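Let's go through this model by asking what its atoms show and answering step by step.

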Amino acid sequence: MTAYLGPQRGLSPADIAARIDAVMASASLAEKVGMMSGKGFFEAFRDDGGLWGARPYRAGGGIERLGVPAFYFTDGPRGVARGQSTCFPCTMARGASFDVDLERRIGEAMSIEIRAQDCNLSGAICINLLRHPAWGRAQETYGEDPCHLGAMGAALGTGLQAHNVCATVKHYALNSMENTRFKVDVSIDERSLHEVYLPHFKTVLDAGVMSVMSAYNQVNGEYAGQNGHLLTDILRGEWGFTGFVHSDWVMGLYKPYAATAGLDIENPEPLVFGSNLIAAVENGSIAPQVIDTACRRILGALYHFACAEDPLPAYPVDLVASASHVALAREAAEKSAVLLANNGALPLDRSRLRRLAVLGRLAGIENTGDNGSSRVRPPHQVTALAGLTAALGADRIVTGDESDLAAARAAAADADAVVIIAGYTAEEEGEFIPGDISLGQENSPAPDLSHLPEAVRENHKRRNFSIGGDRIDLGLPADQRALIEAAAGTGKPVIVVIVAGSAVLVEGWYDKADAILQSFYSGMEGGTALASLLLGDICPAGRLPFTVARDPADYPAFDRNAVAVTYDYWHGYARLARDGKSARYAFGHGLSYSRFTTRALTARRQGDAIELTVAVANTGTCAADHVVLLWAEPPGTINPCWPRRLAAFTRVSLAPGETRIAVLRVPLASLRWRDPATHCWQLEPGQWRFVIADNAEAPAAQTAVMAL
């Protein structure tokens with residue numbers, strides 16, 4: 001009789017190590033290699049009619065004979081891509097909140113819903129740097145700045161793992177374009193790689209996240225999923241990561257030597273590993289120790305979570321989309337919205353608002369983001385039109401859209417104010433899924449096909465179409481711009497609400513709007529949140545996590561069909577600063593209905609970090625949050641170097657007239673530069689300036705100077 005070697009709650013670290021040793025001693029080569037891939041995905045996906053997330057997907061681990069459990073994967077990052085889960089605002093929206101505590105709480109809610117739906121591995125942490133706003137998958141990341149990406153991703157990971165779900169951070173690395181993501185070769189130099197595109201991954205892993213998902217693309221000539229420099233030299237050698245790495249789905253690797261390079265699990269099936277890996281060990285081309293090392297990494301993470309005590313006594317399915325989680329989604333939507341412009345049109349005065357025109361096709365449709373692997377199907381969704389109707393009453397709402405400009409203009413003329421919902425849907429931007437790969441990208445839940453003939457069911461399962469991809473245009477569609485023009489012609493106050501995953505250029509129409517609010521893809525409670533924001537029940541406090549340029553040429557070159565591209569040191573707000581350009585709306589920009597002042601910035605060296613404090617006062621008349629942004633300005637002797645970079649941030653809630661002390665911590669390691677001659681990190685000596693400024697281009701409100 002085979003001994004049971006599975007995990008048990010309460011085992012000590014020594015007991016866990018002993019049990020893993022016993023598993024390794026008892027398992028055959030085939031069983032070990034079996035742990036290094038997913039299992040059963042294609043059959044399950046076919047049986048589910050191509051509906052992504054219809055069931056948990058086995059994604060590594062598992063030896064039934066020995067009682068070893070497996071990982072079961074579910075995606076994110078808007079929520080759990082299973083069942084009818086809570087749909088939070090997209091990651092970019094939550095990035096605009098600059099609220100790490102909120103993001104941690106969202107991670108905890110996701111973790112509870114993951115456990116309640118029989119999964120234990122989450123792909124919710126996407127922190128690929130936003131190099132260019134045309135990236136179709138921009139909505140799944142937090143923004144363009146490494147400091148911000150790392151802090152927000154670490155917060156989500158901490159929350160996800162609170163309920164013993166293993167979190168994975170993705171996509172490692174340099175995955176910042178969609179249409180050619182399966183083949184593009186990204187060339188990059190050492191400083192750009194280590195200072196710009198990788199530090200946020202290290203921040204997340206240093207926070208305790210135990211898994212990494214490799215990217216599809218190539219990096220300096222080798223696919224990321226089999227790139228030994230990324231997976232072993234940097235990840236394990238420099239950073240000391242002890243968790244496991246698994247591939248992205250379907251085309252994440254091509255050769256068995258990926259195992260030697262540092263890839264531990266091939267998902268979702270053993271197309272490259274499996275029998276090929278067994279044969280490689282047997283013929284001597286791959287050392288048995290490679291397999292054992294991978295299995296120990298997998299088992300270490302599995303047993304770490306499976307042996308830990310759960311915070312909750314049970315995880316029943318009624319915890320999914322619970323009232324508290326729905327309320328959290330609403331809070332996130334309220335905190336994420338960014339007020340870009342306002343000439344006094346907002347907030348709307350409910351008591352004086354006789355009639356409100358709500359215009360635009362997007363006002364009345366459910367639009368939570370792209371329809372790829374991050375899609376969440378919540379039990380309900382409040383559209384912008386529904387939210388405003390519920391807040392004001394149907395008798396005070398008139399509607400129209402871009403399909404009939406004359407009718408829309410008449411509706412605007414008959415109203416006291418106009419709200420136009422403009423932007424995109426999954427048709428314009430999203431995860432690119434070629435027609436021969438289906439991950440449930442249909443526009444409605446998978447239909448019940450059981451009553452149809454087998455031939456019809458099989459044809460449905462083989463449907464062949466592509467969706468999503470990188471954006472073609474950085475501006476609003478022409479018909480939406482015409483709608484704004486028509487409404488503005490009535491002389492009524494026009495408020496434009498932008499629904500999009502990243503930057504939307506506003507040239508040509510921004511001066512026709514009396515207020516502009518970016519709500520992003522705001523989740524299942526977005527309409528309720530929007531009404532609260534426009535009517536002044538909630539004061540907007542979000543900040544842009546990216547740069548909105550005046551000219552597309554101010555961004556790096558972007559070719560969505562490129563098969564080879566070079567990523568250099570410059571993008572976003574640093575690129576504009578280098579070129580002497582100003583943004584239309586700078587990174588960190590965001591207005592409020594209240595006013596704030598800062599004073600008394602102090603800085604002192606505390607071990608391996610600099611601790612700064614600043615007094616923040618709400619000098620306005622309404623309760624509001626304020627995002628404090630701290631920037632580091634180096635001495636300027638190293639070239640290249642960003643002249644100003646985000647060093648820390650925090651969000652403070654203040655009543656009218658209240659003052660609070662905000663504390664910010666800057667690790668010295670985050671200020672270093674990578675010396676390509678020695679492959680070591682150096683801290684530039686000299687006078688460093690630390691400034692409080694409202695955005696990347698704003699003058700310093702407070703300054704502290706330190707010699708480092």
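On a 1 Å grid over the protein atoms alone, a cavity is a set of points where a 1.4 Å probe fits but cannot get out. Points are joined across faces, edges and corners, and the volume is the space filled by probe spheres set on them. The model is predicted, so to speak of a local feature takes pLDDT of at least 70 and to count a side-chain atom pair takes 80 or more, while totals for chains, interfaces and linings use all residues. Residues are numbered from 1 along each chain as its sequence is written, and side-chain values use heavy atoms, with hydrogens and water left out.

Q: What is the volume of the second largest cavity?
A: Searching the whole structure turns up 6 cavities of 30 Å³ or more. The largest cavity comes out at about 170 Å³. For the second largest cavity, the volume is about 80 Å³.

Q: Which elements give two or more residues to the lining of the second largest cavity?
A: A lining residue has an atom within 4 Å of a point, and 14 residues line this cavity, with Asp 75, Asp 248, Trp 249, Ser 373 and Glu 431 nearest its centre. Elements are DSSP runs numbered from the N terminus: helices are H or I with at least four residues, strands are E with at least two. The elements giving two or more residues here are S2 and S4.

Q: How many charged residues are in the lining of the largest cavity?
A: Strand S16 (494–499) and helix H18 (526–534) each bring at least two, with H18 holding the largest share at 3 residues. Count Ala, Val, Leu, Ile, Met, Phe, Trp, Tyr, Cys and Pro as nonpolar, Asp, Glu, Lys and Arg as charged, and the others, Gly among them, as polar. The lining then has 10 nonpolar residues, 8 polar ones and, for charged, none.

Q: Which element gives the most to the lining of the largest pocket?
A: A pocket is an open set of points with protein on both sides within 12 Å along at least five of seven lines, and the largest one holds about 1,200 Å³ of space. Its lining runs to 46 residues, with Cys 147, Thr 203, Ala 647, Pro 667 and Ser 670 nearest the centre. Among the elements supplying at least two residues are helix H5 (100–116), helix H6 (146–160) and strand S23 (659–667). The top contributor, with 7 residues, is S22.

Q: At roughly what angle do the axes of H5 and H6 cross?
A: Contact means heavy atoms within 4.5 Å, and H5 makes it through residues including Val 100, Ile 106, Gly 107 and Ile 114, with Ala 151, Met 152 and Leu 156 among those on H6. By class, the contact has 9 nonpolar, 3 polar and 3 charged residues. Axes are lines fitted to C-alpha atoms, for helices over the stretch in contact, with angles from 0 to 180 degrees between N-to-C directions. The two axes come within 6 Å and cross at roughly 35 degrees.

Q: Which residue in S4 is the bridge partner of Ile 125?
A: Two strands pair if DSSP finds at least two bridges between them, and 6 strands form an open sheet with mixed pairing in the order S1-S2-S3-S4-S6-S9. S3 and S4 pair in the parallel sense over 4 bridges. In S4, the bridge partner of Ile 125 is Val 169.

Q: Which residue is the bridge partner of Val 186 in S7?
A: Another open sheet has 4 strands in the order S8-S7-S5-S18, again with mixed pairing. In it, S5 (185–188) runs parallel to S7 (218–219), joined by 2 bridges. The partner of Val 186 in S7 is Val 219.

Q: What is omega for the cis peptide bond that joins Lys 170 and His 171?
A: Most peptide bonds are trans. The bond from Gly 76 to Pro 77 is cis, with omega near 5 degrees, and Pro 77 sits in the loop between strand S2 (68–75) and helix H4 (91–97). His 171 is instead placed in strand S4 (166–172). For the Lys 170 to His 171 bond, omega is about -10 degrees.
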